[in-house]
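Subject: Model handover, salt bridges

Hello,

Here is the structure for your files. Please open it alongside this note; my findings follow below.

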Amino acid sequence: MTITLTAGAIALALDPDLLWDDEFAWAATEQSFTRGLTGKPIIQAALRQAGRPITLRNEDDSSAWMTRADMAQLQAWADTPDLRLTLTLRGTAYLVVFRHHDGGPFEARPLVHYADPVPADWVLATLRFMTVTE
């Protein structure tokens, strides 16, 4: 199964071994609970329109490697305000933006440290997105 990230005419193929870390940590229903003056519960519920987090990460150091060149492309996209990307994951397309407000859009560290890295060197990365509406 492939994972792709697309912005306009540029598509980036991501390693299919990336793990969707928070896939089941989100609920589509938002609920508020308060008590009225008599103590009666006041409950309101609605479906969220967007905002689902999608965090992609490697399971361990032996999986889901990315190149520094891929990270440079992700950095360029992350530095573009309000850029909407299409993330295709398990056959489903999600309209997403980077989660700058939640620990930054991504983390990356080299698989092996080199004093003079090149674009083909491998990194381990965690990517943070959230779904948006058009």
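Is Glu30 buried, partly exposed or exposed? The model is predicted, and in it Glu30 is partly exposed, at 40% relative accessibility. Its salt-bridge partner is Arg48, with the closest N and O atoms 2.5 Å apart. Glu30 sits in strand 4, while Arg48 is in the loop between strand 5 (41-47) and strand 6 (53-57), so the pair ties together parts 18 residues apart in sequence. Arg48 is partly exposed too, with a relative accessible area of 33%.

The count of salt bridges comes to seven. Some others to look at:

Glu23 and Arg90. Their side chains meet in a salt bridge, 2.8 Å from N to O. Glu23 lies in the loop between strand 3 (19-20) and strand 4 (29-35), and Arg90 in the loop between strand 8 (85-89) and strand 9 (92-98), so this pair ties together parts that are 67 residues apart in sequence. Glu23 counts as buried, because its relative accessibility is 17% and the cut-off is under 20%. Arg90 is partly exposed at 43%.

Arg109 and Asp61. The closest N and O atoms of this salt bridge are 2.6 Å apart. Arg109 belongs to strand 10 (residues 106-110) and Asp61 to the loop between strand 6 and strand 7 (65-67), so parts 48 residues apart in sequence are tied together. Arg109 is partly exposed at 41% relative accessibility. Asp61 is partly exposed, with a relative accessible area of 43%.

Finally, a network: salt bridges link Asp22, Arg99 and Asp102.

Best wishes

Note on methods
Residues numbered from 1 in each chain as written. Predicted model: local features only at pLDDT ≥ 70, side-chain atom pairs only at ≥ 80, totals over all residues. Heavy atoms only, no water. Salt bridge = Lys/Arg side-chain N within 4 Å of Asp/Glu carboxyl O. Helix = DSSP H or I, 4+ residues; strand = E, 2+ residues; numbered from the N terminus. Buried < 20%, exposed > 50% of the residue type's maximum accessible area, 1.4 Å probe, protein only.
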